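Here is a colleague's note for someone meeting this model for the first time. Please read the points below with the sequence and the structure side by side.

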Amino acid sequence: MFSKELFAQRVREVRKLHGETQKALGDCIGMKANNVSEMESGIKATTSEKIARICRHYHVSADYLLGLSDDPQGGCERWTEEEE
């Protein structure tokens with residue numbers, strides 16, 4: 001089952017692992033930094049389009065971000081640079 005709290009935690013962890021600010025992530029996926037903050041706090045969820053952009057940006061699986069898998073890379077190996 002989807003958990004906003006787990007989604008928030010995983011997005012925050014993956015962003016920090018890559019050394020990016022909330023503003024940098026927001027710029028990349030088309031959100032303002034305060035919206036990223038709300039997403040990372042579990043206050044709000046986001047659209048499937050934004051989730052897909054986060055996944056592509058950080059090369060993590062949506063299943064991982066959504067808490068459906070504990071494998072951050074599951075399925076990402078098929079992505080290529082030209083698809084981005």
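1. Contact, as used throughout this note, means heavy atoms within 4.5 Å. The model is a predicted one, in which local features need pLDDT of at least 70 and side-chain atom pairs count only at pLDDT 80 or more, whereas totals for chains, interfaces and linings use all residues. Residues are numbered from 1 along each chain as its sequence is written, and side-chain values use heavy atoms, with hydrogens and water left out.

2. Overall layout. The chain has 5 helices and 0 strands, in the order α-α-α-α-α along the sequence; helices (H or I, at least four residues) and strands (E, at least two) are DSSP runs numbered from the N terminus. Of the contacts with a separation of 6 or more, 50% are between residues 24 or more positions apart.

3. Surface and burial. The accessible surface of the chain is about 5100 Å², and 51% of that surface belongs to carbon and sulfur atoms, with areas taken from the Shrake-Rupley method with a 1.4 Å probe and, for residues, only the protein chains shown counted as cover. Among the 84 residues of the chain, 31% are buried, where buried means under 20% relative accessible area, exposed over 50%, and partly exposed in between (1.4 Å probe, protein chains only).

4. The nonpolar core. A nonpolar core is a set of buried Ala, Val, Leu, Ile, Met, Phe, Trp, Tyr and Cys residues joined through side-chain atoms within 4.5 Å. The largest one holds 15 residues, and those touching the most other members are Phe7, Val11, Leu25, Met39, Ile54, Tyr58 and Leu65. Two or more residues each come from helix H1 (4-17), helix H2 (22-29), H3, H4 and H5, with H4 giving the most, 4 residues. Leu65, outside its four-place sequence neighbourhood, touches Leu6, Phe7, Arg10, Val11, Ile54, Cys55 and Val60.

5. Helix H4. Which residues of H4 are buried? They are Lys50, Ile51, Ile54, Cys55 and Tyr58, and they lie on the same side of H4 because they cover an arc of only 140° around the axis, the arc being that of the directions from the helix axis to the C-beta atoms. Their cover includes H1, H2, H3 and H5.

6. Most residues other than glycine have a negative phi. His59, although not a glycine, has a positive phi of about 55°, and its place is in the loop between helix H4 (48-58) and helix H5 (62-65). With a relative accessible area of 28%, His59 is partly exposed.

7. Tyr64 in helix H5. Tyr64 lies in helix H5 and counts as buried because its relative accessible area is 13%. Leaving aside residues up to four places away in sequence, Tyr64 touches Arg10, Glu13, Ser69, Asp70, Asp71 and Pro72. Tyr64 and Val11, 53 residues apart in sequence, are 9.7 Å apart in space, C-alpha to C-alpha.

8. A buried glutamate. Glu40 is found in helix H3 (residues 33-40) and is buried, at a relative accessible area of 3%. Its side chain makes a polar contact of 2.9 Å with that of Gln22; a polar contact is a pair of N or O atoms within 3.5 Å, where within protein one must be able to donate a hydrogen and the other to accept it, and residues adjacent in sequence count only if both atoms are side-chain atoms.

9. Cysteines. The structure holds 0 disulfides, a disulfide being a pair of cysteine sulfur atoms within 2.5 Å. Cys28 is partly exposed at 36% relative accessibility, whereas Cys55 is buried at 2%.
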